Amino acid sequence: MDNDITKNGHQNSISMEDLIKKKALALGFSLCGINKAKHLIEDGQFVENWMEKGYNAGMSYFERNKDKRYNPSLLVDNTKSIITVLLSYYPETQLSQKDNYRISKYAYGQDYHYVIKDKLALLLEYLKTINPEIEGRAFVDSAPFLDRAWANKAGLGFIGKNTCLINKDAGSFFFIGQLLVNIELDEDKTETKAYCGTCTRCIDSCPTGALVAPHQLDSNKCISYLTIEHKGDLPQGMEKQFSNYIFGCDICQDVCPWNKFSIPTKVDDLKPSSLLAELKTKADWENMKPEQFGEIFRGTAVKRTKYKGLMRNINYIKKVKNKE
């Protein structure tokens with residue numbers, strides 16, 4: 001039993017909300033915030049307008065379960081509060097980039113879905129020691145849910161012009177996770193205003209023009225979408241614009257001034273493996289066999305694209321060299 005709780009389960013002069021946040025940080029999360037569950041009408045309309053423009057590209061799942069996406073009480077029955085956590089994935093050491101292919105930093109380590117869900121399961125287990133009647137479900141980018149909107153409303157950051165959640169004290173290289181619980185909690189009424197100002201570095205630096213306007217991402221042009229979600233052939237004529245990225249893209253985050261405050265992750269599972277670090281040249285990637293792919297990327301997000309998908313991306317970018 002936690003030292004902040006008496007034997008009969010009552011708190012010792014510390015609120016449930018503070019206990020939750022203290023435990024979340026003890027579990028390794030970077031930040032934690034709380035909201036009351038409610039229908040996000042304005043945020044839902046923003047997504048609807050985005051889809052009307054066709055910016056969701058081939059991600060048809062955005063068009064399903066809309067009511068649940070905008071109202072968490074419909075996603076999980078009896079949801080009263082939402083606990084949002086952030087977990088830094090910023091690497092202390094980046095992979096070799098000279099004459100090399102690149103993957104997004106979020107894919108350096110083990111699959112974040114499992115890393116965060118395991119930690120959220122421990123947080124829920126802890127809450128049950130306080131009140132056995134507490135029930136909850138964890139979500140990590142795996143359900144119809146507006147995770148960035150909830151993080152923003154919990155005061156954990158603002159939505160930047162690059163559409164990422166940005167914390168002005170710690171940057172944007174974070175995973176977001178949520179625990180939906182059946183108890184009433186006091187919320188953090190500190191929705192964060194935007195601090196982008198007149199800066200447009202992310203928009204100006206996007207090599208494919210996917211950031212068509214502030215807060216407007218056209219997935220049809222986005223390197224992350226095209227190298228991970230998109231099925232079939234990649235669009236002709238954009239090979240050079242991919243900037244050697246073969247899985248995901250970090251350009252709009254790398255150029256963001258707020259990321260000078262990024263804090264390296266302390267979670268070993270999110271750090272690159274020695275096998276991944278050994279891929280130091282383009283030839284190392286190009287000569288990779290299926291069994292090597294399975295060994296290097298076992299348990300990582302890169303497995304999502306499979307060997308065939310990764311080779312598609314590599315062969316696509318190789319056209320640049322062949323044309324020169």
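**View A. Aromatic pairs in the predicted model.** The structure holds 19 aromatic pairs, as computed from a predicted model. One of them joins Tyr106 and Phe175 in an edge-to-face arrangement, with 6.4 Å centre to centre and 90° between the planes. This pair links distant parts of the chain, its two residues being 69 residues apart. Tyr106 belongs to the loop between β3 (102–103) and α5 (112–130), whereas Phe175 belongs to strand β7 (residues 174–181). Both Tyr106 and Phe175 are buried.

**View B. The aromatic cluster that includes Tyr106 and Phe175.** One aromatic cluster is formed by Tyr89, Tyr90, Tyr106, Tyr112, Phe173, Phe175 and Phe247. The edge-to-face pair of Tyr106 and Phe175 is thus shown here with the other residues of the cluster.

**View C. Lys168 over the face of Tyr195.** The charge of Lys168 sits over the ring of Tyr195, at 5.5 Å from the ring centre.

**View D. Asn65, a residue other than glycine with a positive phi.** Most residues other than glycine have a negative phi. At Asn65, by contrast, phi is positive, at about 55°. Asn65 is placed in the loop between α2 (41–52) and α3 (66–70). With a relative accessible area of 43%, Asn65 is partly exposed.

**View E. Asn244, likewise not a glycine, with a positive phi.** Phi is about 70° at Asn244. The loop between α8 (223–229) and β10 (245–247) contains Asn244. The relative accessible area of Asn244 is 23%, so this residue counts as partly exposed, given that the term buried is kept for values under 20%.

Notes: Residues numbered from 1 in each chain as written. Predicted model: local features only at pLDDT ≥ 70, side-chain atom pairs only at ≥ 80, totals over all residues. Heavy atoms only, no water. Helix = DSSP H or I, 4+ residues; strand = E, 2+ residues; numbered from the N terminus. Buried < 20%, exposed > 50% of the residue type's maximum accessible area, 1.4 Å probe, protein only. Phe/Tyr/Trp six-rings, centres within 6.5 Å; stacked < 30°, edge-to-face > 60°. Lys NZ or Arg CZ within 6 Å of the ring centre and 35° of its normal.
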